[in-house]
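Dear colleague,

I am handing over the structure below, and after it I set out what was found, going from the contact between chains to the inside of one chain and then to the database annotations. Please read it with the structure open beside you.

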There are 2 protein chains.
Amino acid sequence: MTPNSLNFSGGPGALPEAILLQTRQAIAALPETGLSVLGMSHRSDWFNAILHEAESNLRHLLGISDDYAVVFLQGGSSLQFAMIPMNFAAAASAPPEYVNAGYWSAKASAEAARVCPTQIAWDGRASGYRQLPDLRALDVARSSAYLHYVSNETVEGLQFPVFEEALDVPLVADMSSDFLSKPVRPDMYSMIYAHAQKNLGPAGVTVAIIDRSLLERIPDGLPSILDFRTHISHRSNYNTPPVFAIYVLTLITRWLRFDIGGLSAMQDINERKSRCLYDALDSLDDCVTVHADRRWRSQMNVAFTFGDTRLDEAFLVAAREQGIAGLEGHRSLGGLRASLYNAVTPQAVETLARALMAFADERV
Amino acid sequence: MTPNSLNFSGGPGALPEAILLQTRQAIAALPETGLSVLGMSHRSDWFNAILHEAESNLRHLLGISDDYAVVFLQGGSSLQFAMIPMNFAAAASAPPEYVNAGYWSAKASAEAARVCPTQIAWDGRASGYRQLPDLRALDVARSSAYLHYVSNETVEGLQFPVFEEALDVPLVADMSSDFLSKPVRPDMYSMIYAHAQKNLGPAGVTVAIIDRSLLERIPDGLPSILDFRTHISHRSNYNTPPVFAIYVLTLITRWLRFDIGGLSAMQDINERKSRCLYDALDSLDDCVTVHADRRWRSQMNVAFTFGDTRLDEAFLVAAREQGIAGLEGHRSLGGLRASLYNAVTPQAVETLARALMAFADERV
């Protein structure tokens with residue numbers, strides 16, 4: 001296995017080897033234009049075709065209807081934390097509600113509170129962010145602007161199940177860290193957004209999928225760049241988009257659609273990977289603790305610890321000696337974390353599981 | 001010459017061949033880490049060293065003192081058009097003033113007017129954006145929040161001279177399209193900003209150089225991501241930055257500093273290039289019109305026309321046959337435009353000048 005295939009970083013995450021190869025060629029010269037992708041104008045026919053294909057692949061992979069706009073933005077989820085309340089809170093009679101279920105969703109709600117009044121629909125901080133709520137059971141005012149949650153918490157390794165039943169309040173989901181890892185039902189949502197640097201390509205581009213009926217709620221007078229309508233009406237080409245990141249995103253969606261065979265096939269692979277790692281960790285439950293309660297364990301991010309900083313660090317060293325990288329836990333939680341994004345192969349996860357077993361056998 | 005070296009696109013612009021080669025290698029594996037640059041964590045030691053080097057190279061190239069912060073942002077100039085008045089207009093007793101000297105500066109002032117009251121200090125629209133004002137001669141209130149201008153207008157091919165004498169109002173300059181093409185005096189400015197996709201690397205990153213004394217004017221309660229203090233205090237690593245774009249920017253600043261030998265050397269090359277092209281156009285002044293008045297001609301973007309759409313299009317075809325790309329004028333002005341950013345070599349400009357002379361000789 002190459003070093004890139006053993007990168008378990010929490011993001012920017014690994015990319016499939018085939019895509020790294022295509023990207024290298026594109027930096028020398030795109031097959032379609034003979035010019036480097038880094039010198040391509042965002043007004044070129046080539047780039048318009050790329051934007052069109054990226055959107056079309058996403059619509060096909062996720063089953064997104066024409067009732068929804070699909071746009072590519074800059075600024076990551078952090079800019080969405082501000083833009084969403086700026087765009088969608090003003091017209092509603094009750095404030096937006098936020099589910100604080102981990103590091104990232106708490107950050108989203110703190111940022112929204114800088115823009116407008118908000119309600120906290122649920123808070124998992126007191127229990128150390130180890131569980132998730134049932135969204136349907138929350139007491140949310142029907143007149144709320146929207147209910148916001150983060151579908152997968154990367155820091156704590158928590159993941160909501162796929163949502164199969166519509167709520168009677170507009171649902172807004174930050175899916176940054178499990179987007180395109182499995183099928184979802186876009187029609188359950190008023191808005192889905194995801195930044196790129198997990199399953200979707202290099203950092204610097206964010207996808208937003210927005211129910212067009214929500215656009216009526218946007219107040220006039222926002223700065224154009226912070227108004228979703230600007231990006232929709234300019235087909236993601238209002239100002240210079242991050243051409244390279246969108247190009248790689250297009251390659252990734254092409255790979256998912258035609259090489260992997262769609263999101264159900266991707267889900268099967270991801271389930272196999274997370275099962276392999278959790279099985280290994282469970283077999284070591286006398287010396288390893290998984291942060292998340294079993295029912296809410298994430299398939300994308302596995303946060304765990306040997307319960308002792310020195311052991312965690314010793315494992316990082318042992319792993320690195322075998323070429324395994326990116327296992328440091330998030331700075332807010334410490335411990336260890338393995339991120340199993342789409343580009344991480346089952347073989348890589350097996351290598352990690354074996355390394356864990358061997359380390360526990362020898363050192364613990 | 002390779003196809004990339006004959007790319008005269010207005011942006012994203014060409015990059016030096018040596019940098020394309022390094023970038024290709026980095027996508028396979030960075031020499032420092034053995035991992036692809038596209039899978040590197042923004043929290044890694046490697047990326048912190050890259051951020052540090054990028055800032056240090058910029059400080060060295062431009063002579064930026066510690067009185068100024070240097071940060072890397074997303075969203076292009078268009079996001080700055082909103083952030084600058086959001087951050088710096090509220091505390092002043094008189095509104096910011098804007099110089100409308102071309103397509104881009106008019107856009108900046110229109111966006112600022114969505115955020116706060118503004119004054120137009122000068123407007124060149126009536127004269128077709130062919131001239132520029134003397135900034136020192138403008139009647140600007142001393143108590144104005146700031147005076148904003150765009151140092152080089154890419155669409156019309158206009159460029160302000162380097163500014164050598166401080167105004168008594170804070171001066172804010174969008175230098176997106178001539179940044180790092182020649183020396184400037186940062187101490188003349190309260191803020192300089194520039195997006196990447198001209199002289200600085202691939203689209204998706206924006207540099208801001210901000211006088212720290214201006215930070216006191218920022219009102220509390222802005223969304224964190226839209227508050228310059230957030231990015232300064234997190235050393236450009238508040239949320240996931242565009243790692244790849246910043247990496248390439250670092251290579252570019254390294255190239256300028258150590259291979260070219262600094263901005264005076266770069267200026268000599270750029271003067272030679274623009275002289276070569278303008279000499280050719282002037283020798284054809286019976287059939288070619290340069291948009292900008294002579295005194296304000298840009299060294300970066302040369303907007304011109306044969307005065308006849310069919311001839312302009314015929315020249316585009318003839319140029320393309322010789323491998324010369326990117327000469328289409330901006331959609332708002334039409335005609336032809338050659339952008340002579342740093343990565344365009346004198347040899348490439350000579351090739352273009354010869355192609356123009358030959359075309360005029362045969363077809364006009």
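A polar contact, as the term is used here, is a pair of N or O atoms within 3.5 Å, where within protein one atom must be able to donate a hydrogen and the other to accept it, and where residues adjacent in sequence count only if both atoms are side-chain atoms. By that rule, 17 residue pairs are in polar contact between chain B and chain A, with both residues of a pair at pLDDT 80 or more. Please keep in mind throughout that this is a predicted model.

**Between the chains**

The interface takes in 51 residues of chain B, which are in contact with 51 residues of chain A, and the area buried between the two chains is about 4300 Å², with carbon and sulfur atoms giving 58% of it. On the side of chain B, Arg24(B), Leu38(B) and Arg114(B) supply 14% of the area buried against chain A, more than any other three residues. Sorted by class, the side of chain B that touches chain A has 24 nonpolar, 21 polar and six charged residues.

**Between the domains of chain A**

The domain assignment divides chain A into domain 1 (18-260) and domain 2 (262-363), and the centres of these domains, taken over C-alpha atoms, are separated by 27 Å. Their contact takes 29 residues from domain 1 of chain A and 27 residues from domain 2 of chain A, and about 2400 Å² is buried between them, 56% of it given by carbon and sulfur atoms. Within domain 1 of chain A, Arg130(A), Val155(A) and Ile260(A) lose the most area to domain 2, together 22% of what that side buries. Helix H2 (45-62), strand S6 (158-159) and helix H6 (243-260) of chain A each supply at least two residues of the domain 1 side, with H6(A) giving the most, four residues.

**Salt bridges**

Over all chains the count comes to 28 salt bridges. One of them joins Arg235(A) to Glu55(A), with the closest N and O atoms 3.8 Å apart. Because Arg235(A) lies in the loop between helix H5 (228-233) and H6 of chain A, and Glu55(A) in helix H2 of chain A, the pair ties together parts that are 180 residues apart in sequence.

**Annotations**

In an unreviewed entry, UniProt lists residues 7-352 of chain A for "domain: Aminotransferase class V"; the end C-alpha atoms of that span lie 10 Å apart, and the span is 35% helix and 14% strand. For "binding site", also from an unreviewed entry, UniProt lists Trp104(A), Thr154(A), Asp174(A), Gln197(A), Asn239(A) and Thr240(A). These residues span 137 residues in sequence and their farthest two C-alpha atoms are 30.8 Å apart, so they do not all gather at one spot. Among them, Trp104(A) lies in helix H4 (residues 103-115) of chain A.

With best wishes

Technical notes:
Residues numbered from 1 in each chain as written. Chains lettered and ligands numbered in written order. Predicted model: local features only at pLDDT ≥ 70, side-chain atom pairs only at ≥ 80, totals over all residues. Heavy atoms only, no water. Domains from an automatic or database assignment. Contact = heavy atoms within 4.5 Å. Buried area = accessible area lost by both parts, 1.4 Å probe. UniProt positions renumbered as here; feature names shortened; annotations may be inferred. Nonpolar A, V, L, I, M, F, W, Y, C, P; charged D, E, K, R; others polar. Salt bridge = Lys/Arg side-chain N within 4 Å of Asp/Glu carboxyl O.
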